[in-house]
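Thanks for coming. Please have a look at the chain on the screen, and I will walk through a few parts of it.

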Amino acid sequence: MNTTFNKRANSALVNIPLQEALHAATGKFANQRAQAFESTAAPLALRAKAREIRRNTFDEIDKHLETLFESLQNLGVHIHAAPDADSAKRIVLEIARKHGVETVVKSKSMASEEIHLNQALEAAGVTPYETDLGEWILQLANETPSHLVAPAIHKTLKQVQDLFREKVDPNAGSDPQELTSIARKKLRTEFMRAGMGISGVNFAVAETGTLCLVTNEGNGRLVTTLPKVHVAIMGFEKVVPTLRDTLTLLSVLPRSATGQKLTSYFTMLTGPRRENESDGPNEVHLLLLDGGRSRHLGTPFQEAFHCIRCGACQNACPVFQTVGGHTYDSVYGGPIGSILSPMLRGLDVSGELPAASSLCGACMDACPVFVDIPRMLLEMREARTVKKNNALMERFSFRLLGMAMRKPFVWETGFKVGSVFSRFLNAKAAAWLPGPLGAWAQGRELPKIAKKSFRARWREKKRRVADTLSTTQEVSRTDSPDAFVEKTHHTLELAHGLSHGHFENPEGPLPEISVPDAAARFATEFEAVANPVHRPNAADDIREYVLNLAAKWKEYPVAISDGLPIDVVNWLVEEGFDVVSPSNDGDNRDAIARCGIGITGCDWAIAETGSIVLLSGPGHPRLHSLLPETHLALIPEKNILPHISSLGPELERILKQEEASPSCVNIITGPSRSADIALTLIKGVHGPRDVFAIIIPDTLIQGDL
């Protein structure tokens with residue numbers, strides 16, 4: 001039993017700070033997830049629809065990949081295929097050398113962790129900077145991520161403070177806000193000067209060639225906007241057939257991952273920047289990583305590719321909650337990692353991981369797309385047994401047990417003998433047993449064997465059922481009707497949300513929450529994630545609000561996009577503000593970075609989530625809503641959509657245009673944020689610290705937008 005996993009697990013079990021951090025974080029994520037799904041009209045139907053999308057995608061994955069490649073080529077995206085990690089690293093280094101890249105900024109990418117890209121870049125003389133706050137903390141500590149969503153989940157506040165004092169600022173305090181500000185200042189410099197940005201991909205939309213990122217901090221937007229070269233790395237499991245499918249998956253991913261209806265940023269990148277756009281990369285590369293994936297298509301483990309990397313199974317798993325991600329010695333830890341790691345690395349390397357599970361099924365209950373993880377864990381264990389990769393004593397023990405179970409007399413006799421001995425053999429005594437038995441007993445509570453076996457109780461039950469069917473029994477009077485109803489309610493509450501069993505994919509559109517007044521609902525949801533929405537009755541109300549907000553940044557310029565629904569430029573100029581307008585010559589990044597506030601329009605808003613949708617285009621720079629400390633959006637009331645699903649047809653119309661389609665669509669839901677330091681929510685990690693909105697009635701809109 002002295003396997004590598006067990007040694008790592010034993011170390012984790014005695015690490016008190018780790019235990020405290022794990023239980024606090026996973027418990028919080030699980031509670032937030034449950035609350036987030038309650039905000040949907042039909043949680044199980046939504047998850048069933050998401051599962052069906054994943055299953056259908058892999059039924060024809062080859063066709064969807066062909067469509068994706070064709071779409072990307074039409075956009076001018078360079079496509080690379082890497083069969084293994086060495087090939088992938090070589091491709092990235094060739095791109096860096098071609099462009100003379102000295103520094104690289106990276107947003108969170110598990111695929112880049114999988115191939116150990118940072119080490120390869122450093123060895124080639126290229127300096128990589130992780131820009132996700134949790135990933136940057138781990139880069140400073142020379143550690144790997146321990147969670148799919150919260151990479152530094154295992155770090156306490158004291159550990160982060162000590163790390164910052166040692167590696168960044170000797171005067172760093174213990175306030176998470178102060179520590180985040182230190183990271184923001186340091187990494188903002190690297191964003192501005194980096195020659196190449198590297199990102200992962202959450203969804204790759206086949207029909208339009210759109211690469212989607214789900215982020216909270218704003219670093220993903222900066223990585224894919226400021227450097228002139230963008231490299232995206234992904235496995236084929238990230239392919240999604242259509243934009244509408246993508247929005248359905250988006251409805252379950254943040255809810256499952258962090259308990260948010262939507263993350264702060266959902267960024268949809270469709271090729272390099274257009275000629276009439278002032279910012280964005282000039283060159284985009286997609287690196288498709290195989291790394292052992294393709295050999296599992298059509299096998300019992302293909303379902304593992306349905307995973308959308310939300311981390312919900314890790315938060316629900318009692319093993320992960322106890323030992324953490326580093327115990328798995330893999331980029332992919334927890335229940336899904338116990339399948340993916342042997343698939344990608346082989347049973348010889350990671351074959352012990354499938355055994356690191358109690359098979360309780362909590363992972364499948366939590367999975368937003370119902371991936372049958374327990375089944376695959378059993379299949380993986382069987383494969384390991386067939387290859388004889390498990391220990392000799394383990395094989396001998398199970399063979400002996402199998403022989404006993406095939407002979408009822410031997411099994412029942414052993415059960416009776418065990419029942420007697422179990423009354424005297426407690427956990428402490430069992431730990432003194434010699435060899436593997438003692439090691440197995442350590443840390444376990446040994447249950448007493450029942451006096452009656454299941455077979456004996458089953459025989460008695462059949463007799464009682466027969467008696468019930470043959471005679472009329474008096475109805476129990478111990479429960480009143482009210483008590484019976486209360487008991488029924490309690491039973492239904494306990495069963496709510498369980499996902500065992502088969503749920504049919506609902507026909508037609510999914511049920512939606514009622515939104516009788518889109519503007520009012522938007523205001524409520526926006527305030528929940530950002531600030532109160534201003535709803536003016538006259539132009540003078542707007543003028544007063546804008547000038548009061550800008551006055552907080554009186555000493556700083558104001559960045560203003562073109563095509564606003566109401567003319568605010570003259571108001572600001574009259575009050576002496578320095579206005580930074582969209583540039584026709586470069587992205588004007590330095591001037592925008594000095595701005596205290598950025599004012600943009602809004603192409604659409606989503607009432608259900610309080611989100612703002614911005615398209616890139618002439619006069620609409622990406623950076624105006626990203627680099628300034630504060631973002632103000634002017635929202636025409638007529639542009640407010642009730643649900644995120646309502647956005648699907650609009651995006652299809654825009655992104656399928658052969659000409660004048662935007663290279664970037666951002667769905668913004670509140671300010672930049674992170675809870676990577678001691679689970680403390682901090683605003684303004686890399687993007688704006690505050691977001692404000694004004695809903696402008698149709699009667700006040702100037703001109704024809």
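This is a predicted model: local features need pLDDT of at least 70, side-chain atom pairs count only at pLDDT 80 or more; totals for chains, interfaces and linings use all residues.

**Sheets, a strand and some charged pairs**

Let me start with a sheet. Five strands make up an open sheet with parallel pairing, and their order is E12-E11-E13-E16-E21. The edges are strand E12 (579-580) and strand E21 (690-696); each has a single partner strand, so one side of each has no neighbour in the sheet. Inside that order, strand E16 (residues 630-636) pairs with E21 in the parallel sense over seven bridges.

The chain has 705 residues, and 54% of them count as buried. Its secondary structure comes to 29 helices and 21 strands. Among contacts with a separation of 6 or more, 78% are between residues 24 or more positions apart.

Now the other sheet I want to show. What is the order of the strands in the open sheet of eight? The order is E8-E5-E6-E9-E18-E15-E14-E17, and the pairing is mixed.

Strand E6 (residues 210-215) runs antiparallel to E9, and five bridges join them. Val214 has Phe266 in E9 as its bridge partner. Strand E9 (residues 265-269) then pairs with E18, again in the antiparallel sense and over five bridges. There, Thr267 stands opposite Asn666 in E18. On to strand E15 (residues 611-615), which pairs antiparallel with E18 over four bridges. Ile612 has Ile668 in E18 as its bridge partner.

Let me stay with E18. Is it enclosed or open? Five of the five residues of E18 are buried, so the strand is largely enclosed by the rest of the structure. Cys664, Asn666 and Ile668 point one way from E18, while Val665 and Ile667 point the other way.

Take Ile667 as an example from that strand, residues 664-668. Its relative accessibility is 0%, so Ile667 counts as buried. Which residues does Ile667 touch, leaving out those up to four places away in sequence? They are Leu262, Ser264, Tyr265, Phe266, Ile606, Ser611, Ile612, Val613 and Leu647. Ile667 and Met268 are 399 residues apart along the chain, yet their C-alpha atoms are separated by 8.4 Å.

Next, charged pairs. Side chains of opposite charge can pair when their charged atoms come close. A search of the whole structure finds 25 salt bridges. I will go through some of these.

One of them joins the side chains of Arg8 and Glu352, at 3.6 Å from N to O. This pair links distant parts of the chain, 344 residues apart: Arg8 is in helix H1 (residues 4-13), and Glu352 is in the loop between helix H16 (347-350) and helix H17 (362-366). Arg8 and Glu352 are both buried.

Another joins Glu130 and Lys106, with the closest N and O atoms 2.6 Å apart. Glu130 is in strand E3 (residues 127-130) and Lys106 in strand E2 (residues 103-106), so this pair ties together parts 24 residues apart in sequence. Glu130 is buried at a relative accessible area of 2%, and Lys106 is buried at 1%.

Lys228 and Asp587 also form a salt bridge, with 3.5 Å between the closest N and O atoms. Is each of the two buried or partly exposed? Lys228 counts as partly exposed, at 31% relative accessibility, whereas Asp587 counts as buried, at 9%. There is also a network of salt bridges that links Glu114, Glu237, Arg293 and Arg309.

What about disulfides? A disulfide is a covalent bond between the sulfur atoms of two cysteines. The search of the whole structure finds zero. Cys317 is buried, with a relative accessible area of 9%, and Cys367 is buried at 8%.

Last, the surface. Leu401, Met405 and Trp411 form a nonpolar patch there, with about 270 Å² of accessible area together. Trp411 belongs to helix H20 (residues 408-422) and is partly exposed, with a relative accessible area of 32%.

Definitions and conventions: Residues are numbered from 1 along each chain as its sequence is written. Side-chain values use heavy atoms; hydrogens and water are left out. Helices (H or I, at least four residues) and strands (E, at least two) are DSSP runs, numbered from the N terminus. Buried means under 20% relative accessible area, exposed over 50%, partly exposed in between (1.4 Å probe, protein chains only). Contact means heavy atoms within 4.5 Å. Patches are made of residues with over 30% relative accessible area and no salt bridge: like charges are joined within 9 Å, nonpolar side chains (Val, Leu, Ile, Met, Phe, Trp, Tyr) within 5 Å. Accessible areas come from the Shrake-Rupley method with a 1.4 Å probe; for residues, only the protein chains shown count as cover. A salt bridge is a side-chain nitrogen of Lys or Arg within 4 Å of a carboxyl oxygen of Asp or Glu. A disulfide is a pair of cysteine sulfur atoms within 2.5 Å. Two strands pair if DSSP finds at least two bridges between them.
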